[in-house]
Amino acid sequence: MTERRRRRTPEQAREEILDAATELIAQDGPDGVGLRRVAEAVGVSHGLVTHYFGTYAALVRAVLARENERQRERIRERMRASQGVPYADDMTRVLFEAVADERYVRLFAWSSLHAEDVSAPSQALAELVDALEAGIRLVLPDPARPDRARIEAVVLLALSAAYGYALGRQSWLAGLGHDPADPAHDASFRAALSSALATYLAGETPPP
């Protein structure tokens with residue numbers, strides 16, 4: 001006997017679809033899901049998911065938009081909790097936590113590759129930089145504050161490093177004779193990247 005579908009408000013249905021899509025994408029990556037699997041996970045029709053989101057790419061972008069807001073809130077919370085001390089290390093740690101999340105990085109990359117509107121992922125990235133810049137204003141006076149270009153460069157460097165590490169860590173660590181399941185390697189990489197980015201963000205010149 002088929003289970004009777006329960007009634008949902010439009011807001012509940014939309015949130016449950018996003019929750020299911022987020023979980024499935026975390027498990028199998030954006031390429032391994034699709035609208036039909038999301039509909040089955042929620043217990044709604046394929047047509048209802050299409051009604052709310054249109055295409056699968058649009059659904060993934062909606063998941064990414066919600067994740068971006070969560071990342072921005074994490075940044076705000078971290079800045080409030082730390083009060084900006086130590087400034088550079090804390091900012092790069094927040095940034096790395098955002099971009100070192102393999103699920104988030106894959107989601108961001110997939111959305112960039114499948115964007116119907118090429119400005120959509122760029123807008124999400126600009127909003128992340130906005131959140132970082134706003135946090136910096138809270139803790140650092142004007143003369144010592146890095147400019148927008150330096151903050152953007154740090155974000156791009158962090159994204160590039162974290163994306164590459166997320167995609168290649170399994171084979172790279174194994175190739176170097178390490179156990180990819182050992183979390184110590186992730187911590188070591190994060191510390192090294194954080195130190196390098198903190199140096200640049202603080203305006204220090206690296207040694208030749």
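Biologist: Which residues touch the most other members of the largest nonpolar core?

Modeller: In soluble globular proteins, nonpolar side chains tend to be buried together. A nonpolar core here is a set of buried Ala, Val, Leu, Ile, Met, Phe, Trp, Tyr and Cys residues joined through side-chain atoms within 4.5 Å, where buried means under 20% relative accessible area with a 1.4 Å probe and protein chains only. In this structure the largest such core has 40 residues, of which Ile-17, Val-38, Val-49, Phe-53, Tyr-56, Leu-59 and Val-155 touch the most other members. This is a predicted model, in which local features need pLDDT of at least 70 and side-chain atom pairs count only at pLDDT 80 or more, while totals for chains, interfaces and linings use all residues. Residues are numbered from 1 along each chain as its sequence is written, and side-chain values use heavy atoms, with hydrogens and water left out.

Biologist: Which helix gives the most to this core?

Modeller: Helices are DSSP runs of H or I with at least four residues, strands are E runs of at least two, and both are numbered from the N terminus. The protein chain has nine helices and zero strands. H4 gives the most to the core, with eight residues, and H1, H2, H3, H6, H7, H8 and H9 are among the helices that each supply at least two.

Biologist: At what angle do helix H2 and helix H3 pack?

Modeller: Axes are lines fitted to C-alpha atoms, for helices over the stretch in contact, and angles run from 0 to 180 degrees between N-to-C directions. H2 (residues 35-42) and H3 (residues 46-53) pack at about 110 degrees with their axes 8 Å apart. Since angles under 35 degrees count as roughly parallel, over 145 as roughly antiparallel, 65 to 115 as roughly perpendicular and the rest as oblique, H2 and H3 are therefore roughly perpendicular to each other. With contact meaning heavy atoms within 4.5 Å, Leu-35, Arg-36 and Ala-39 of H2 meet His-46, Val-49 and Thr-50 of H3.

Biologist: How do the axes of H1 and H2 cross, and which residues meet there?

Modeller: The axes of H1 and H2 come within 9 Å and cross at roughly 120 degrees, and these helices are therefore oblique to each other. Glu-16, Ile-17, Ala-20, Ala-21, Leu-24 and Asp-28 in H1 meet Arg-37, Val-38, Ala-41 and Val-42 in H2.

Biologist: What percentage of the residues in the protein chain is buried?

Modeller: Buried residues make up 40% of the 208 residues in the protein chain.

Definitions and conventions:
Buried means under 20% relative accessible area, exposed over 50%, partly exposed in between (1.4 Å probe, protein chains only).
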